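Dear colleague,

Please find below the structure that I am handing over to you. My notes on what was found in it follow directly after.

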Amino acid sequence: MASALFMEFLDSTALSTALPTLSVAFGTDPVHLKLALTSYILALAVLAPASGWIADRFGPRRVFMTAMVVFLAGSVLCGFSRTLAQLVIFRALQGLGGALMVPVGRLIVVNSAPREKLVSAMSWFTMPALVGPLLGPPLAGLILGVADWPWIFFINVPVGLLGMWAVARFVPPLEQPDPGPFDSKGFAISVVAITALMGAAETLGIGLVPWPVQAGITLVAVGAVGAYVRHALRTPRPVLDLRLFQVDTFRASMMGGALVRIGLGATPFLLPLLFQVALGWGPLEAGLVTIGTGLGAFACKPVAPALIRRVGFRQTLVASNLLTAALTAVPAFFGLGTPIPFIIATLVCSGFMRSLQFTATNTVAYADLPRESVSNASTLAVVTQQMALSVGISFGGLMLHVARGGGDVRLTPDRFVLPFVAIGLVSSLAGPLFRRLRPDAGEHIGGRAAARG
């Protein structure tokens with residue numbers, strides 16, 4: 001199952017590294033290239049609400065394999081793009097595949113693992129995906145040094161084909177409960193709400209559209225969200241079951257995790273611009289330094305289950321959030337004279353703490369949910385997480401736009417102080433949400449209760 005996550009993360013990190021090169025190839029401002037990142041996330045977030053019902057109706061393994069085919073097709077078409085508009089459209093096609101790969105993959109893992117071993121299962125499930133961020137930046141730098149940018153998309157083909165073979169060989173069919181009739185009305189309202197919300201976030205304050213249009217998009221977003229909340233609370237089986245937020249552990253995971261993911265979404269957008277445009281590094285040099293984040297995340301995965309078992313979910317989340325927020329803001333002070341070993345050490349520590357944060361956050365979400373709610377919870381989790389990542393990219397772009405004074409001022413290191421400090425502060429807002437968890441939250445899935453016994 002993790003093969004798809006590996007492919008997705010390899011693709012996204014390689015694309016982030018190539019943003020400055022793509023800005024030259026397409027003749028556009030590097031800041032505007034965030035459309036290539038957010039179009040993928042928008043497509044993913046729009047289709048993801050239906051993923052749980054589709055998996056239950058047609059079978060998780062079959063849906064997962066189909067999603068991988070769609071993702072690969074989008075990857076190949078991205079490589080043949082010749083304009084920014086084409087790239088945005090084909091990235092959206094990739095997102096449609098990702099909308100089914102991510103939640104359905106998590107659904108298979110959560111339903112297959114014993115509850116008392118869920119932390120270890122989720123940790124191992126995401127570990128191969130960490131190789132993607134580890135290889136993506138230097139691989140993109142190497143490709144851009146010896147070939148052309150389309151190859152950052154074509155490398156998905158052998159990875160995807162190998163992953164499809166692995167899924168067909170090792171993943172058994174799962175019996176899913178009858179999902180009942182599809183909530184077509186709720187899905188239509190959610191599509192409008194998600195699209196309008198992300199459109200409002202994408203265009204806010206950067207002059208892409210006139211302010212009356214911006215205001216109209218915002219009003220549509222607010223109205224659609226209100227309409228969906230009313231619909232979801234009156235419908236027995238809504239496409240996104242908002243009643244799951246009544247569970248404390250799930251609510252803390254979704255809301256706190258969303259705030260942290262704003263920083264996670266902005267960082268891969270801001271760092272390549274800081275390194276390659278502001279500091280004048282080459283793609284390969286920037287990619288080799290950026291793998292520090294992946295190394296830190298990779299190193300955390302074997303440690304996370306034992307640490308959570310020792311101190312508990314609540315303490316892990318509170319402490320890791322404080323450190324993650326601080327480390328997210330540190331690149332604000334990278335400059336021409338900053339020692340490269342310090343930059344690498346910062347990124348390694350940041351990757352370690354983020355990995356610990358997300359292992360705990362992603363797992364505690366399912367601590368108090370019955371198995372019949374896992375499919376709906378996985379769907380809602382993916383939508384929430386992807387919207388947070390999109391808002392993070394847009395928020396980082398907005399802060400960079402503000403720091404430039406709203407014009408086409410050259411990107412210098414001092415222009416990145418505001419964006420990194422801002423996303424660090426937003427990430428820190430998750431701390432109070434995690435503190436509200438009860439001290440023994442998630443003990444029965446983290447193994448702590450068993451260890452006490």
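Gly180 lies in the loop that joins α8 (156-170) to α9 (184-203); helices here are DSSP runs of H or I with at least four residues, and strands are runs of E with at least two, numbered from the N terminus. With a relative accessible area of 17%, Gly180 is buried, a term that stands for under 20% relative accessible area, while exposed means over 50% and partly exposed lies in between (1.4 Å probe, protein chains only). The C-alpha atom of Gly180 is 14 Å from that of Ser373, and 193 residues separate the two along the chain.

Please note that the model is predicted: local features need pLDDT of at least 70, side-chain atom pairs count only at pLDDT 80 or more, and totals for chains, interfaces and linings use all residues. Residues are numbered from 1 along each chain as its sequence is written, and side-chain values use heavy atoms, with hydrogens and water left out.

Helix α16 covers residues 374-403 and contains Ser375. Of its 30 residues, 26 are buried, so that α16 is mostly covered. The end C-alpha atoms of α16 are 43 Å apart, which agrees with the 44 Å that its 30 residues should span at 1.5 Å a residue; the expected span is 1.5 Å times one less than the number of residues. Ser375 itself is buried, at 7% relative accessibility. After α16 comes Gly405, which has a positive phi near 80°.

Helix α10 (residues 211-234) has 24 residues, and the distance from its first C-alpha to its last is 35 Å, close to the expected 34 Å. The buried residues in α10 include Gln214, Tyr228 and His231, together with Ala221, Ala224 and Ala232.

Two packed helices are described by the angle between their axes and the distance between the axes. For α4 (residues 60-79) and α5 (residues 84-112), the axes come within 8 Å and cross at roughly 155°; axes are lines fitted to C-alpha atoms, for helices over the stretch in contact, and angles run from 0 to 180 degrees between N-to-C directions. The crossing angle therefore makes α4 roughly antiparallel to α5, given that angles over 145 degrees count as roughly antiparallel, under 35 as roughly parallel, 65 to 115 as roughly perpendicular and the rest as oblique. The residues of this contact divide into 19 nonpolar, 6 polar and 2 charged; Ala, Val, Leu, Ile, Met, Phe, Trp, Tyr, Cys and Pro count as nonpolar, Asp, Glu, Lys and Arg as charged, and the others, Gly among them, as polar.

Within α5 sits Gly98, which is buried with a relative accessible area of 0%. Gly98 and Leu47 are 51 residues apart in sequence, and their C-alpha atoms are 9.2 Å apart in space.

The structure holds 0 disulfides, a disulfide being a pair of cysteine sulfur atoms within 2.5 Å. For Cys300, the closest cysteine sulfur is that of Cys349, at 12 Å, too far for a bond. Cys300 is buried at 1% relative accessibility, and Cys78 is buried at 0%.

Lys301 is placed in the loop between α12 (283-300) and α13 (304-311). At 5% relative accessibility, Lys301 counts as buried.

Yours sincerely
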